[in-house]
Amino acid sequence: MVHPLWWDDAAPSPAPPELPARADVAVVGGGYTGLWTAYHLLSEQPGIEVVVLEAEHVGFGASGRNGGWVSALFPVSGDALAARHGAPAAHAMLAALRESVEEIGRTTADEGVDAGYVRGGTLVLARGRAQEARARSEVAADARWGGGTRWLERDEALERLAAADRPGRTVLGATASPHCARVHPRRLADGLAAAVRRRGGVVVEQARVADVVREGRTHRLLLDDGRELSVGTVVRATEAWTATLPRLRRRLAPVYSLMVATAPLTAQQWDEVGLADREVFADHGHLVVYGQRTVDDRIAFGGRGAPYHYGSRIRPSFDHDDAVFAALRTTLRQLLPQVELDFTHAWGGPLAIPRDWHPSVGYDRAARVGWAGGYVGDGVATSHLAGRTLADLVTGATTSRTELPWVGHRSPDWEPEPLRWLGVNAGLRAAVLADHEERRTGSPARIAPVLDRLTGH
């Protein structure tokens, strides 16, 4: 199937509510960022009038298509954060993300959201000497920032995930981080929307905003079907779709990540594979791959590799790429040859990358406009922190979150086309070539330092 596995058992949308004539806050975008913002606004200031406007259905974008990693990963490394913002700010940022992983678990439990949250941590294999060198360096770097990532020797790594050796890809160990949970992405989005509604928020699906007109201290939102809404504050939570907005086309680059899913494995097959603690898994290659053991005992496995599309275009046809799907299936079969894998689903979708790979949260108090995004694919926990921070900023609260270094950060715009197309796709190709060189030589790729600089490390 070409639609996300996560949508198979999606909760039916409730009867569409009437769009109110006015509200205190309008959140544009019904993904995690928008829903967490609404949830925390309503929790911290009961009685506030909040409307979430979603062009399709909640969880339509990356929030309902992702790999289900609730991780404390941040696209900018601790060392790079410290170089930009100072060591105390870096410590605070990374600690806040680790806390968000736990908070999502507490909130889903408190709200009765059956999102399959299991905090099993992250297991990232080191396959070959070059990956081992990067992995050990990551453990040392993470220790400087209190992350708790540790190195596992080969036997312990294979006990956790029984991965096969391949030429140039001998499993030499793994890194293990406790700061990650697995979830069912769409259930999390649907559950958050239900929690927002229970608190008095209005969630309107099939409500595409065509324009926002500022009128003194208020904003008039014009929907493409002719409806209108007057609000005091607007929060933009559009992530990859930000690139489709006329005045923001170069703010973020939408890059596609694709996934496949297997049929459910038997208990005997899982005994042969591992992942008994529901760890999410990956490897230390340059080209990103990621996987999880799903709530119904499938393997959902994804990765980058699809091209960036000229002009930052986003189209349903881009969700499907037979070559990338075939590569993902082959990679997973080579990783786990001991079990027969039948594949049932394949899908994709865009994620958003800022020019400096630095996510941001912002609020213009004079204009009464907030925004957040640019998560570079690590957005499940990051969007929670962003939503809670936006709620603080909108309500005027001064908290530890509003002092974090990503608040007010402004990434430079991407280059105009065709430079953007050339640069993004050249970076993708460089990652592929770097992995190939490392498999062949066993040494770190010569282009690796350039890739690290490009990706915020």
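Helices α1 and α6 are roughly parallel to each other, because their crossing angle falls under the 35 degree limit for that label. This is a predicted model, so please hear every value as computed from predicted coordinates. The two helices cover residues 32–44 for α1 and residues 185–198 for α6. Their axes come within 9 Å and cross at roughly 30 degrees. The crossing of α1 past α6 is left-handed.

Which residues of α1 and α6 meet? On the α1 side they are Y32, L35, W36, A38, Y39 and L42. On the α6 side they are P185, L188, A189, L192, A193, A195 and V196. Sorted by class, this contact holds 13 nonpolar residues, no polar ones and no charged ones.

Next, the other helix pair I want to show, α3 and α9. Helix α3 spans residues 87–111, and α9 spans 380–395. Their axes lie 9 Å apart, at an angle of about 100 degrees. That angle lies between 65 and 115 degrees, so α3 and α9 count as roughly perpendicular. From α3, the contact takes in M93, A96, L97, S100, V101, E103 and I104. From α9, V380, A381, T382, H384, L385 and R388 take part. By class, the contact of α3 with α9 has 8 nonpolar, 3 polar and 2 charged residues.

A72 sits in the loop between β3 and α2, the latter being residues 78–85. Setting aside neighbours within four places in sequence, A72 is in contact with L97, R98, V101 and H179. Is A72 buried or exposed? Its relative accessible area is 15%, and it is therefore buried, the cut-off being under 20%.

Leaving out residues up to four places away in sequence, G148 touches D142, A176 and P178. The C-alpha atoms of G148 and S177 are separated by 6.3 Å, and the two residues are 29 apart along the chain. With a relative accessibility of 47%, G148 counts as partly exposed.

Now the aromatic residues. A pair of aromatic rings is described by the distance of the centres and the angle of the planes. The count here comes to 7 aromatic pairs. One of them is W6 with W347, where the ring centres are 6.0 Å apart and the planes stand at 80 degrees, so the pair is edge-to-face. This pair links distant parts of the chain, as W6 is in the segment before β1 and W347 is in strand β16, 341 residues away. W6 is buried, at 1% relative accessibility. W347 is buried too, with a relative accessible area of 1%.

F60 is partly exposed, with a relative accessible area of 22%. Ring pairs join W7, F60 and W241 into a cluster.

Last, some backbone points. Most residues other than glycine have a negative phi, and most peptide bonds are trans. Where is there a cis peptide bond? One joins E417 and P418, with omega about 5 degrees. P418 is in the loop between α9 and α10, the latter covering 419–441.

S312 has a positive phi of about 55 degrees, although it is not a glycine. S312 lies in the loop between β15, residues 299–303, and α8, residues 322–335. At 2% relative accessibility, S312 counts as buried. W357 also has a positive phi without being a glycine, and the value is near 60 degrees. W357 is found in the loop between β16 and β17, where β17 covers 360–364.

Conventions. Residues are numbered from 1 along each chain as its sequence is written. This is a predicted model: local features need pLDDT of at least 70, side-chain atom pairs count only at pLDDT 80 or more; totals for chains, interfaces and linings use all residues. Side-chain values use heavy atoms; hydrogens and water are left out. Axes are lines fitted to C-alpha atoms, for helices over the stretch in contact, and angles run from 0 to 180 degrees between N-to-C directions. Helices (H or I, at least four residues) and strands (E, at least two) are DSSP runs, numbered from the N terminus. Angles under 35 degrees count as roughly parallel, over 145 as roughly antiparallel, 65 to 115 as roughly perpendicular and the rest as oblique. A crossing is left-handed if the near helix is turned anticlockwise from the far one by less than a right angle, and right-handed if clockwise. Contact means heavy atoms within 4.5 Å. Ala, Val, Leu, Ile, Met, Phe, Trp, Tyr, Cys and Pro count as nonpolar, Asp, Glu, Lys and Arg as charged, and the others, Gly among them, as polar. Buried means under 20% relative accessible area, exposed over 50%, partly exposed in between (1.4 Å probe, protein chains only). Rings of Phe, Tyr and Trp (its six-membered ring) pair if their centres lie within 6.5 Å; planes under 30 degrees apart count as stacked, over 60 as edge-to-face and the rest as tilted.
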